[in-house]
Amino acid sequence: MSPPPWPSSRAAVLSRISLTALASRTGPPEVLPGVAMRRHEAPCVAEASAWTDKRYEVVMMAASWRRIALLALTVCGRAAALGQDSCVSFTPSWNSFAVVSKGEAAHVFLSSDEWPGVQIAAADFVADIKKVTGVAPALSNATVSATGLSSAGLPILIGTLGKSSLIDQVVNNTKLDVSSIEGQWEASLTQIVTNPLPGVTKAYVIIGADKRGTIFALYDHSEQFGVSPWYWWADVPSTPRANLFVSSSGCSHGSPTVKYRGIFLNDEQPALQNWAMEKFTNGTGAALTGSPFNHFFYTKLFELILRLKANYLWPAQWSSAFGVDDTQNQFIADMYGIVMGTSHEEPMMRSIPVEWNLFGEGDYDYNTNQQFIYNFWVEGVNRSKTYESLYTVGMRGNGDLPLGTSTNIALLEKIVSDQRTIFASEFNGTDVATIPQVWALYKEVEGYYDQGMRVPDDITLLWSDDNWGNVRRYPVLSERNRTGGAGVYYHIDYVGDPRDYKWIQSTQISKVYEQMSLAVDRQATRIWVLNVGDLKPSEMATEFFLTYAWNATRWSLTNIDSFVTSWAQREFDLGAEDAGEVAAIIGNMTRFLSRRKPELLNSTTYSLTDYREADTALAGWSALNASAARIYNSLSSAYKPAFFQLVYHPVQAGSTLANMWISAGNNNMRAFQARVSANTLAEQVEDLFNQDYDLELEYHALLGGKWDHMMDQTHTLYYYWQEPTQNMMPPVAKVSSRKPNIAGVMRIVPEGTLGAWPGDNQYQCANGYSCGPPTMSLDSFTPANSRYVDIGLGGSIPFAFTVTSNESWAKVSVAKGSISAASPEQRVEVTVDWSQVKGTQIAQILLSATAQNTPPFSMPLIFTAIHNTVPAGFKGASKDVCFVEGDGGIAIEAAHATRNTTVGEVTWTEIPNYGRTVSGVTPWPRLGNNEANYTAGSGPNLQYDFYNFNSQNGTVIVTVLVSPSFNANGDDRPLGLGVQIDASAPQTTYFFPPAAPGQTPPQWDGNDGFVANGVISIIGTFPAAPGAHTLTLWMIEPAVVVQKIIIDTGGVRPSYLGPPESVVIA
């Protein structure tokens, strides 16, 4: 059965907001019963800084990984609220205030004339204190003359300036200086005051400049007490505390960086909608739409939004209509203090397409159906005008589609003009410029702006990303003085080209920071909206986005990793070392999932033949799984559900999916090579496919099924951008293990080829038949420092094998063995004793097989060792770090520059845990040089010394991998980069191609496009004869992010991530 409906009248609803009832609120049955004792108790001084910096290095197990330096933040017993000053401690100091001490709690007072939302938050505040300490503070309405105040000991007084008669009297009595917050949006002040009221010697006051200022101050304290904002939505337990104290100076906060900070529930089917239907209805949704998103659902969401210090919501839309589904939705949102809006394509508080499909008549076309649409919009404003709302203006087509081809700018400007006429009429002559409005410049709507369409200055321009986390445009200098300001609509979930991504968190917070810090720099801070999809799989990324919007000054390139560390401490009660390990897990997990969205993976994403790329990817996932499992198994049972949802499940799910696809690729390859081991891989793929669903079931069974359906999203074997209706296993093949192989018993497959010997194979040589024996080569600067050859079973006949070398310097890891159906493969490593090799030498590795009733068989493998050497004493052009060619080329992580030259205040700076491999580098600060650009050769630059032994007719091909950032500073400022080798003229490339207004270039789209691959390749040819050289990257425009550099001297082979980083001499 669904919960009983709330009363229909506003007065009746308000009558239910009694403090007694609110103070006794409890969660639903599925909330975790009880909490675990803290495992890392430590005393601390109340007013000492809560943070101690310590660096931990987490060494991951994949060969290509670099060390990740993590800033682990240690707090006195518990991490403070993320990104805020700490004023809470668990031991007293001489001037601290006791919230709870020795089993007694301070009495909490607020006045009955306070905002209902503040009363709700105050009830949560005292409930949170009880949750942490087991002691329930009394919560009372109070007036100045109430006798209860003087007999209540040292109380906590809560209220909003100008609204709370209690707080106004305290300010009058004490002459408390509230000038720092008075009139400031969502600001707050808390401190200990003496003699605030007659008979009260001392009190702790929590004062908000407005209702949300007070609400946020309360939830800030709750978080510092030890109650996570995700206590219900991710089942994070609260750590028990015997005592709670606050410092005399309290916790104060000015206005947030971003005025409206919100989320958008979108693409909510199948996961969120199915879950809500089960948990918040009796199986039947809203009468007209069938939607399960009623006020029971939204009250849970409203509380979370406020605990995350957000204030704005675009509600679920695709099968729902917020203002129609439940008549209490709008009222309760306003009561809680949530500013309601509608999405980029839903003007005037009407849900599109749902409400139009229900109530519309004729086409949703203002050209042909103007009056009906006008009246339709009037109704949307009429029903929302008594509530705090932020109105979307403009128009897109029905169903989030572009408008018809007959649409023109004059018509669109008339639409906005008519909408403002509606505001003037419905708001009874109120100055329309004071009514919050937003115009979302999404997709083709941005094109209208580019073509000259303008809206009144007070309407906020909401710029958008490309749906993949790359903001298309920020305000240029001439646009930053608009009274309505600007904002950003950003995605961590999307349905559309080139592929949906909805399943698990695949967004790096470093990417969010890089893009949104540009929004701060360029003053797009009026509105930020995050498309969170179903919300649940992306909890941490959602919180980071909103935390950064709340106070951007707290975060920088040097401390964004600390967000994850302190988040891990708060959520899982971990010590600094384990929290640092969780930060490494999250950093690498989101790197692996973002370098290629899970929905875009296929069996050949990672090279199966070159650079051991697929094997390295699997090793990375294996290391993450082991690390996450260790943390998970160390936790008490109370913390395991939260850790499973937030960390362990996405690691296991991502690992399983990657393993399944790579195993499918290896199966296909080995079947093509007639290797019986393909059969084992086929079975492994099926096991992993079943394991994928087992993980889904495990998630759904968690806590008695609390999150049933939340992992319903399909995610395998897409055929085009839209989700498949069912998960499907990748195709696999099997090789007959009953039939002898006509080419012989043994299969020989050297590293680096799809070819297999003996017998004909199209990859053995250009002819594809009558090819010579297999060959391999290894040079002395190859990062892997070895080659391998796989020996496999080719059919039904088992055999014994031997491997011998005719040269002592060529070492084989396995000299003999047996191959059978039970053990169908053996990998043999070949290494070189370089002390015995001068120049280029050749060895013959003889692979021999003997089997019953079969003639003996032998095949030579021609192995070439190339002992390259750099000149004696050479350490680079300036005796600094130098990268040396190996395995056909040179690969350099962009952050590992030999030299970094600053010009003015601008320097290339590393973005940690960013991009596909290690990190990114970008010019910083982005507003340096008075926002002007540089010509190539004059600005900040990075230099990389390298030494090559080969070239392509005296030249090398340089590929610089940059992030797929848009020309977001305007079309007249396209992103560019200068690339130079030695003293040759720099080659300038403006790498993001032009596109029609509001569109993306063709190279952006597709399964091998910019966003699918996560990089754009800048390619140039440069003179570089064998020897020592310096490659220089010149800044031209800010906001370019460089990830990796690849120098092809003639032997670089195709792979997804490029060769592993080259050997360095220093």
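1. Basis of the note. The model is predicted, so local features need pLDDT of at least 70 and side-chain atom pairs count only at pLDDT 80 or more, while totals for chains, interfaces and linings use all residues. Residues are numbered from 1 along each chain as its sequence is written, and side-chain values use heavy atoms, with hydrogens and water left out.

2. Salt bridges overall. A salt bridge is a side-chain nitrogen of Lys or Arg within 4 Å of a carboxyl oxygen of Asp or Glu. The whole structure contains 39 salt bridges.

3. R926 and D521. These two residues form a salt bridge whose closest N and O atoms are 3.3 Å apart. The pair links distant parts of the chain, 405 residues apart: R926 lies in the loop between β33 (919-924) and β34 (941-948), and D521 in helix α15 (residues 509-521). Helices (H or I, at least four residues) and strands (E, at least two) are DSSP runs, numbered from the N terminus. R926 is buried, with a relative accessible area of 1%, whereas D521 is partly exposed at 22%. Buried means under 20% relative accessible area, exposed over 50%, and partly exposed in between (1.4 Å probe, protein chains only).

4. K536 and E539. In this salt bridge the closest N and O atoms are 2.9 Å apart. K536 is buried at 0% relative accessibility, and E539 is buried at 2%.

5. R630, D578 and helix α18. R630 forms a salt bridge with D578, with 2.7 Å between the closest N and O atoms. R630 belongs to helix α19 (residues 613-634) and D578 to helix α18 (residues 576-595), 52 residues apart. Helix α18 is mostly covered, as 19 of its 20 residues are buried.

6. The five-stranded sheet. Five strands form an open sheet in the order β7-β6-β8-β10-β9, with mixed pairing; two strands pair if DSSP finds at least two bridges between them. β7 (139-141) and β9 (188-197) are at the edges, each with a single partner strand, so one side of each has no neighbour in the sheet. Strands β6 (residues 108-110) and β8 (residues 156-160) run parallel and are joined by two bridges. V108 has I156 in β8 as its bridge partner.

7. Packing on the sheet. Helix α5 (residues 165-174) packs on the sheet and touches β6, β8, β9 and β10 (200-208), contact meaning heavy atoms within 4.5 Å. The direction of helix α5 makes about 65° with that of β9. Axes are lines fitted to C-alpha atoms, for helices over the stretch in contact, and angles run from 0 to 180 degrees between N-to-C directions.
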